Amino acid sequence: MNGYLFAGYSAILVLIGVYLGYQHYRLGRLSRELAHLREELGADEGRELSGEG
Amino acid sequence: MMTRILELAFRLAWKDLRMEFRSRQNFLTVLFFAFIVIVIFNFAFEPGSPAIRESAPAILWVAFLFAGILNLSSAFIVEKEEGCLLGLLLAPMERGVIFIGKFLSNMMFQLLMELLIFPVFLVFFNIELRGGWLWFLLVVILVNTGFVAVGTLFSAMTIGLKTREVLLPILLFPVIVPVIIAGVRATGLVFQGSPGSDLGSWLKLLGGFDLVFVVVSAAVFRFVVEEAS
Amino acid sequence: MSVEVESRMTQEAAPRVSGRDFLGAGETRRFLRSQAVLGGLTAVALIVALYMVFLYAPPEREMGEIQRLFYFHVASGWLAMVAFLVVFAGSLMFLWRGRLKYDRWAEASAGIGVLFTTIVLVTGPLWARPIWNTWWTWEPRLTSSLVLWIMYAAYLLLRGNFPESRKKYQICSVYAIIAFLDVPLVFFSVRRMRDAEVYRGLHPVVISANKIDLEPEMILTLIVSCLAFTLLYALLWRFRLRVGMVRDEIWRIRRVLMERE
């Protein structure tokens with residue numbers, strides 16, 4: 001019984017780890033896209049970003 | 001000022017009733033639906049058996065609430081379609097008043113529907129109201145108040161959504177659980193003719209629910225109804 | 001995200017930024033560093049909790065080893081409550097102050113809450129089956145958890161049904177507030193319903209007003225588990241919040257770019 005429980009716990013912890021890894025990856029991908037878009041925004045960046053957003 | 005609020009609310013409610021009266025279709029459909037639910041339940045159980053007699057209060061409220069949801073789904077539709085909602089909002093009155101007006105008109109339709117269905121129910125189930133009419137009336141008022149208050153709020157929340165008819169029950173029924181539990185139990189006690197301290201505690205629960213949620217619903221109504229420009 | 005939906009986002013719906021580097025490379029690095037620290041702490045806490053659950057806490061007298069599920073079950077329930085408290089607070093603040101970030105708090109937290117309520121609803125029956133030979137009992141706590149699950153799953157559904165707009169956030173905030181206020185009423189009504197019937201006492205009442213019916217090692221294990229899960233919640237929530245912020249900024253810039261054309 002203990003074995004099953006332990007396996008279950010560990011499985012869930014592994015899944016959580018996978019989910020965190022996924023979030024990390026997604027954050028990276030989105031940040032890159034954001035940086036790209038900001039470049040596109042270009043010279044107006046200062047005005048656009050610090051204005052009412 | 002209080003009387004002014006009530007006066008406005010009543011006028012709104014009256015406007016609703018007049019509009020609805022002209023389209024009696026809607027009300028009749030809802031009425032018929034409640035009737036059908038009761039009949040279906042009788043077929044699902046063994047008609048006339050003790051099992052179904054015990055479940056009578058439950059069946060009564062299931063019929064009332066499901067029909068009530070239909071009622072609520074069609075609230076605000078006229079306002080939305082005719083664009084009156086914007087007109088109402090432009091009028092110089094507190095949003096809470098609009099809520100109370102809508103609440104009152106929904107209540108009236110709900111109570112009217114229940115009033116018409118109840119004799120049918122009594123006949124089908126051979127119920128005698130041993131516990132007294134007054135108690136039963138109290139239960140009915142309390143249950144409907146809670147149901148219609150939250151229902152009116154949620155109904156306004158779902159205006160304009162395509163999935164409105166499906167979403168409204170999904171949103172409303174979990175929140176209404178305390179009312180369903182208390183209402184069915186209290187009704188059962190009244191049917192049996194044994195109103196005692198048990199009935200009192202259920203009534204208190206209903207009263208507490210109503211107090212909290214009528215106030216909260218009226219207070220937050222404005223957030224739900226304002227059009228984002 | 002489709003163009004039509006984006007274009008319906010109002011100027012108001014875009015979040016405020018507070019500096020040039022916000023969500024930029026430097027700030028993101030700092031965020032990830034703090035997350036790593038938090039993650040490390042969480043990992044340590046979870047491992048300690050795991051050790052305590054299996055090796056430190058004594059086996060329960062009557063129930064045996066399956067009882068160890070209890071720590072996970074309660075800690076998950078605790079985490080779900082924290083999550084829903086944040087949803088409530090975020091919704092309240094959003095209606096009061098109007099700043100978009102509060103709605104993002106609620107958005108980030110709701111999914112976590114539903115997930116862990118699901119875990120509660122799954123571990124409950126897993127425990128009940130060997131002990132009481134029944135998968136489900138309609139006893140107060142489990143039933144209230146079920147209603148809780150339904151309400152917040154409905155919240156997620158509700159969020160999904162609207163295009164992004166201030167109105168959406170207002171409506172969802174209202175629903176979250178109503179749901180949260182409803183929770184104690186649901187619990188009381190279900191409990192009263194059950195008091196009159198047979199199932200009373202089936203769910204172990206280990207923590208009541210007068211005493212805690214657990215041995216000290218168990219109490220400590222429970223506390224450590226809840227603490228570890230709280231850290232886990234913070235970790236998950238910050239990530240979701242962050243991803244939401246970046247996504248919001250992307251939408252906002254896309255809109256600005258579209259308006260230029």
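Predicted model: local features only at pLDDT ≥ 70, side-chain atom pairs only at ≥ 80, totals over all residues.

Reader: Let's start with the fold. How many helices and strands does chain C have?

Author: Chain C has seven helices and zero strands, so its pattern along the sequence, by the DSSP runs, is α-α-α-α-α-α-α. Chain A also gets zero strands, with two helices.

Reader: Which residues meet where chains B and C touch?

Author: The contact takes 23 residues from chain B and 28 residues from chain C. On the chain B side, the elements giving two or more residues are α8 (133–157), α9 (164–192) and α10 (197–225). The most come from α9(B), with 10 residues. By type, that side of chain B divides into 20 nonpolar, two polar and one charged.

Reader: What about nonpolar residues in the interior?

Author: The general idea is that in soluble globular proteins, nonpolar side chains tend to be buried together. Here the largest nonpolar core has 126 residues, and V150(B), V224(B), Y155(C) and Y175(C) have the most contacts inside it. The largest share of this core is 14 residues from α9(B). Another core, of eight residues, lies apart from it and includes L34(A), M245(C), I250(C) and I253(C).

Reader: Which residues does Y155(C) contact, leaving aside neighbours within four places in sequence?

Author: Y155(C) is in contact with A110(C), C172(C), Y175(C), A176(C) and A179(C).

Reader: How do I check a helix such as α10(B)?

Author: Compare its span with the expected one, then look for bends. With 29 residues, α10(B) reaches 41 Å from first C-alpha to last, close to the 42 Å expected at 1.5 Å a residue. There is also a bend of about 35° at A219(B).

Reader: Last one: what is the phi of N126(B)?

Author: Most residues other than glycine have a negative phi. N126(B) has a positive value, near 55°, and is found in the loop between α7 (95–125) and α8 of chain B.

Reader: Is N126(B) buried or exposed?

Author: N126(B) counts as exposed because it has 9 C-beta neighbours inside 10 Å, and the cut-off for exposed is 12 or fewer.

Notes: Residues numbered from 1 in each chain as written. Chains lettered and ligands numbered in written order. Helix = DSSP H or I, 4+ residues; strand = E, 2+ residues; numbered from the N terminus. Contact = placed C-beta atoms within 7 Å. Nonpolar A, V, L, I, M, F, W, Y, C, P; charged D, E, K, R; others polar. Expected span 1.5 Å × (residues − 1). Bend = angle between axes of the 7 residues up to and from the residue. Buried ≥ 20, exposed ≤ 12 C-beta atoms within 10 Å, placed from the backbone. Core = buried A, V, L, I, M, F, W, Y, C linked by C-beta atoms within 7 Å.
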